[in-house]
Amino acid sequence: MRRSRTGFAVVALGAAAAMVLTGCAQRSNQGAPEGGSAQPSVGYPETPPVEVVPGKPGGVFRLGITEPTAIDPYNVQESEGTSVANALFTGLVQVEPDGTVVPGVATDWSANDDCSQWTFNLKPNTHFHNGEVVDATSFKRGWERVAAPNSGSEVSYHLDVIQGYEEFQAGQAPEMTGVQVASANQLVVNLVQPDCEFPLRTNHPALSPAPAAVGPTSDPNYTDAPIGNGPFKMDGKWEHDKGIRLVRFEEYDAGPKAYLDAIEFTILNPQNGVQLETDGFKAGTFDWARMPTPLIGPNRAEFEPQGKWLSKKTNGINYFVAMNAEPPLNSPEARKAVSMAIDRAAIAEGVFKGAQAPADSIVPSLFPDAYQPGVCDACVYDPVKAKELAEKAGLTPGTEINLSFNTGAGHEEWTAAVRQQLEQNLGLKVNYQGVPFTDHLNNMEAKGASGLYRLAWGADYPTPGNYLIPLMATSSIKLDAEGKVTGNNYSRYSNPEFDALVARASATKDEAARNELWKEAERIAIGRDLAVIPLFQRQQFRLVDHSKWGNVNMDFNEDPTFDQIFLK
Amino acid sequence: MTTLPPPPEGTPAAGIPPTEPFADPDGLHSAGQTDQRAASAVEGKTVATRRRRRSGSPGALADIWSRYKRNKLAVAGLVIVAVILFMAIFQPFLTPYDPFEQNLLNTTAPPSADHILGTDVLGRDMYSALVYGARLAMVVGIGTMLMSVIVGVAFGALAGYKRGWVDAVIMRFTDILLAFPLLVGAIFVVRIFGQGVLPVVIALVIFGWPTSARLMRGQTLALRESEYVEAARSIGASDTRIVLRHILPNAIAPVVVYAFTSVGVVVVAMASLSFLGVGVPADVPEWGRLISQSYNFIRVPGNEHLWLAPAMAIVITTLAFAFVADGLRDALDPKLRGGN
């Protein structure tokens, strides 16, 4: 058996040789294939919104979701929970898919001169699903339930602009003093700082009213079947991992009654839920379906001609956090060099197959009054200019730069493409790293973080300010004692000029004037300084049969507009 | 086993130079043979003995080969392994394109004259990527196997030969490592060391060596009580010599068989780690990565090449090594030895 050593030697030699031998001349793998490129043009067009017309009662609308964190307003966070909660509850105001604010339970609202105090007048005599009347006290009760010290809520920060929130949450005050019940139908809210867009915030499910019969947030019997005041009510309880069924609330009086008899949410496994939605749509068991990215192209080709296609640019931007405080990205030139070395169009076509559109701003086109096409002048692919800027900024070939992404969420491929582009166009040495999301966040927050980190942002409230302030204002860095970032401004961009502009915008009552300020702020932070690097505009695609369902649109949370849909 | 007395502390090597006499048996000597050789092992004949054994080698090898080739699957496996090794070693000369070079203008292209297996989601040539993947798989597979075997054999022999508390400590340690599911343990280790080929090898070695250690220990325990070892000890051979020259060659067969099986396991484990996003960096054309990036395309017609090609590469490689291991087991098993 000594001979087996010879065998090992051969194998070892082979392995060693394999490691020693390195590349040699190979064919070039560049350019479009002969016979023209089969790639789609960048970004699939949006479908125009469906005009809302009067319908007739009837129909059961069925769709798939993944298991929500909560459907009770105290802890509603992701799109799935929001979808259910928005059908169950009607807040003070409502936001249409196009961004216009319309009355909910409130008939009108007004602020004092500096927008630090808001008064909401409520529609008298509207009802909860259990028959109770919705009044100003219901809102105070609902908000305090979320802000209470032991609520277990992860979304109570939506209330942190209200006076008395901190004391109440710390258990030092018996009530949230900033919320005053002036009369049964008048609610007065005092804010810690001026916010002329506060009503938008009240559209979040966390700011829903609660009836006197409300259960504790710790009681699953209640939180799985919350009593709301919305156009739909629970039909039975939330069957975890199975489904949720809602039926029309016949006595709904905060607005027009819904047409649908019922909404059936089927809870799917997140691993393949999106595929199951598509399969279900084709099999006729779902009326609204998402699809895996590679199927977007084939599905569009098949379903758009049949009138079963919905495409919309939505509330979201994929971007690179660019560490402003540390080399090598501590100058606008360096950030612009990196940005201009990235061929967004090629990635959108080649990797996303047209399912994402290159971004040219941080405030997305969803906000037509504040969107400035091309405000990010460095979002254009220009390797020559990129090289010039890089030289100016000292971003010489061989400079090391971190490029980090979170694994398991489909970011592997496009970041690999970015890596190669940075290496080829600027000669950078890219430290390419994929880690689980929590590590990714920790690394970004850590003191001394440098380079590029991929992230996406969707606004909580439909306002441009909810992009600009959290991502780039000095107040959103929130360094803790160890120098860790605890806000959302991971880039650590800090510019007094920008801070003053966004503060002024928040305190400006006139919407048009406010939008001008938002625009000016973005021109500075993105156009001039490129505080973060916008990459791709979020775009969503759905299969839905427009010949069967009327008034189907996608709302701000990417959910169907349940309160308007009707069966044709 | 703790009830057994510890072995005598290092047999004294006084006087008699511990040369060759019994070294070596090809694994199959009977006690009688050993005794004869022992008897003839007087000083001065050492050289002759060595020569005789050397000249006998091809016979034994031929013997193993003659039994190995009876197993047709094993022969097929050997051919495939040879081809994969060839591809791994000469990858730069075999790949028509740089396996890393992306072409975003021509992604997920079906097989064509330019790209015989098509291109992947980043427009890389699939065939080049697969060959590069073969090289990675072999470097990691064989590297891990060699290191696991070296570490495992060393600790296994030490535990089996020394027994007592050394044995207890080493074996409890292997128990702990074996209690981890391979992938979970490997993910844990890779998280500590960071991404890359080397951390993957380290992780797989950490969880790979205990099995060969256990195999080696079992063999050593049996052999250390055998008469030829007793004889070696009686003439003053040192512990090191006894283990290296007398026990190891006779105990290694099951470890070798296991080693070949383990290459397949390692290849799958690395692919799994990369599939889960914790193995090699995401832009390396590794087989598991190639499958992972085409996961979403499984239901998209016309994109079968994206996942089928790397999946087949993994299946073929794993099976080939398993067949070789199977053939080796039969060939090395003395019980199956024909009358020759």
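A: Of the 340 residues in chain B, 49% are buried, a residue being buried if 20 or more other C-beta atoms lie within 10 Å of its own, exposed if 12 or fewer, and partly exposed in between, with C-beta atoms placed from the backbone. The model is predicted: local features need pLDDT of at least 70, side-chain atom pairs count only at pLDDT 80 or more, and totals for chains, interfaces and linings use all residues. Residues are numbered from 1 along each chain as its sequence is written, while chains are lettered from A and ligands numbered from 1 in the order in which they are written.

Chain B has 12 helices and zero strands, where helices (H or I, at least four residues) and strands (E, at least two) are DSSP runs numbered from the N terminus. Read from the N terminus, its elements run α-α-α-α-α-α-α-α-α-α-α-α. Two residues are in contact if their C-beta atoms, placed from the backbone, lie within 7 Å. Of the contacts in chain B between residues at least 6 apart in sequence, 74% join residues at least 24 apart.

The mean pLDDT (the predictor's confidence in each residue, from 0 to 100) of chain B is 81, with 81% of its residues reaching 70 or more. Within chain B, helix α1 (residues 31-40) has the lowest confidence, at a mean of 42, and helix α3 (residues 72-89) the highest, at 94. The pLDDT is below 50 over residues 1-56 of chain B, a stretch that has 72 contacts in the model beyond near neighbours in sequence. For the complex, the predictor gives an ipTM of 0.73 and a pTM of 0.80.

B:R163 counts as buried because it has 21 C-beta neighbours inside 10 Å.

A:K478 lies in the loop between α14 and α15 of chain A. The axes of these helices, α14 (residues 465-472) and α15 (residues 496-506), come within 11 Å and cross at roughly 145°; axes are lines fitted to C-alpha atoms, for helices over the stretch in contact, and angles run from 0 to 180 degrees between N-to-C directions. In α14(A), A:G465, A:L468, A:I469 and A:M472 meet A:F498, A:V502, A:A505 and A:S506 in α15(A).

Elsewhere in chain A, nine of the 10 residues of helix α2 (residues 79-88) are buried, among them A:V84 and A:L88. The buried residues of α2(A) pack against β1 (60-66), β10 (232-234), β11 (243-248) and β12 (262-268) of chain A. Strand β15 (residues 400-406) of chain A has five of its seven residues buried, so it is largely enclosed by the rest of the structure. Seven bridges join β15(A) to the parallel strand β16 (residues 429-435) of chain A, and A:E400 has A:K429 as its bridge partner in β16(A). Finally, a cis peptide bond with omega about 5° joins A:P327 and A:P328; A:P328 lies in the loop between β13 (309-322) and α9 (332-340) of chain A.

Conventions
Pairing = 2+ DSSP bridges.
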